[in-house]
Amino acid sequence: MENSNRRAIRGRTVVSQAALLSLESARLEVRVGRGRQPRLRSPTPSYLFWTCCWLPLLLQHSAVNGQRPAEPADTARMISTNSRYFVYQNGDGAFIARNRRTLFATMSMDQQAQLANCPSLPPRRSAPTSVHDLRIDDISVIAAMGDSITAAFAAKGLPTPGEITDVRHTEENRGASFVMGGDVGAVTLPNFIRRYNPQLKGFSVGDHLAEVCYGPLCLPYAHWPTDHLNAAQTGSLVMNLERQLAYLTDAMILSRDIDFHKDFKLISLFIGSNDLCAGCSKELNHTFLSPDAFEAQIRYVLNALRRNIPRTVVNIQMELMVSQTWDLTNDEPWCATLRASGLAFECTCAFLPGEIGVATRKRMDAVVVEYNRRLIKIASDFQSGEQDPSFMVILDPLFSNVTISEWGMEHVSDVDCFHPSLLTHALMAIGVWSNLFVPFKLKASKLTRPDPSNPPTLFCPTEASRLQF
């Protein structure tokens, strides 16, 4: 199988990683429309600042300042011992978790129990020949492209609230990633699929320091072995998808465990948050962050996937209103401490204070709407006309109407008050899983905070369930 996979490189349009790195480092223009070339600006090296400058400053600042995030036990009274998820109520009557790690452990046990109770699927009478007729147990390979959310940056949070004392507290927890994690006990899409196909390949395991790639500024090492087919990298912009595509293509072709031509593959694509965090300029339409450039890049990647990786389903996540993280976290003292230490750079457009911040967040939201409009258009184009038996695009609107301000602080990492926590990754995985099996009009378009007294319900596919766009 290995030799046949290597031969598959010949005759296919595969872009080498070296060529892509060269392209990214010298990238000054993006073709948009009919040859029109907008004036572009290079991104600032924000994520390199994270690793070389901000983290040491924060370690020192945290030790000196001693500011800690408020613990619910200090500020709330217990109201219920029957609720499995929220056991305290604050002065405003809002339910909050007593301990985020206990909360996740409870959810993990509940979801594993629900999954174990789902009926097994009977064997198919004949093997599928088209990606438009796939049950979930037909998926043999799972992969993803994206940014730090898909890499599960800082999802596990701090072992001791308010104490960032080790660089390992800022790791990517890829084994818990909502669409790619394969750690035991993690509530993730791959672990759901493994209930029906234990031989699933490609999921990530474990934790490691962040792999940073921000526009042309990418660390020299590409991926850790435990990443497997999780090509996502912290800091990635849409323009970095070409580099991730090259990694995925080569990894699949060279893998001894993957039958490149026969295995059905599910590839998740969720990217754009970093573009949004830098996309609040009034001159946005003249930069590589413009909606035109965004659309052109997504189309390029989808066409390349269709050409290069057979038997593939691409599940695209629509953008979420990243700016609303400000609404949720702005009044938290611990978050203010982090941003005063320099962490506001993580999403500058969202975390600017005063009237300037109000204006930049409004522009961010307008870009989200336009990015999502483009994604709908792209998906519609790929779904119309004659069906390609080897390629399908699914558009998932799950995050498009999320109101982050309605959630609780337990849903964001206390490492940076920005990235999704372990609990949120679990909720995202449950929503993505359910949306796979229904057409677009019936897919949930708003991931909501769970009911305080009941665990989220996990969908159990039947013999008739198919992946649907």
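Rings of Phe, Tyr and Trp (its six-membered ring) pair if their centres lie within 6.5 Å; planes under 30 degrees apart are stacked, over 60 edge-to-face, and the rest tilted. This structure holds 10 aromatic pairs. One of them joins F178 and F270: the ring centres are 6.2 Å apart and the planes stand at 90°, so the pair is edge-to-face.

The model is predicted: local features need pLDDT of at least 70, and side-chain atom pairs count only at pLDDT 80 or more, while totals for chains, interfaces and linings use all residues. Residues are numbered from 1 along each chain as its sequence is written, and side-chain values use heavy atoms, with hydrogens and water left out.

**A pair across the sequence**

Where do F178 and F270 lie? F178 is in the loop between β4 and α6, and F270 is in strand β7 (residues 264-270), so the pair ties together parts that are 92 residues apart in sequence. Helices (H or I, at least four residues) and strands (E, at least two) are DSSP runs, numbered from the N terminus.

Are these two residues buried or exposed? Buried means under 20% relative accessible area, exposed over 50%, and partly exposed in between (1.4 Å probe, protein chains only). F178 is buried, at 0%. F270 is buried too, at 3%.

**The loop between β4 and α6**

This loop runs between β4 (139-146) and α6 (189-194), and A152 lies in it. A152 has a phi near 60°, a positive value in a residue other than glycine. The phi of A154 is also positive and near 60°.

| Residue | Relative accessible area |
|---|---|
| A152 | 0% |
| A154 | 1% |
| I258 | 3% |

I258 belongs to another loop, between α7 (241-254) and β7.

Five residues form one aromatic cluster: F192, Y196, W433, F437 and F459.

Charges also sit over rings. The term applies if NZ of Lys or CZ of Arg is within 6 Å of the ring centre and within 35 degrees of the ring normal. K265 places its charged end over the ring of F260, 5.5 Å from the centre. R339 lies over the face of F351, with 3.8 Å to the ring centre.
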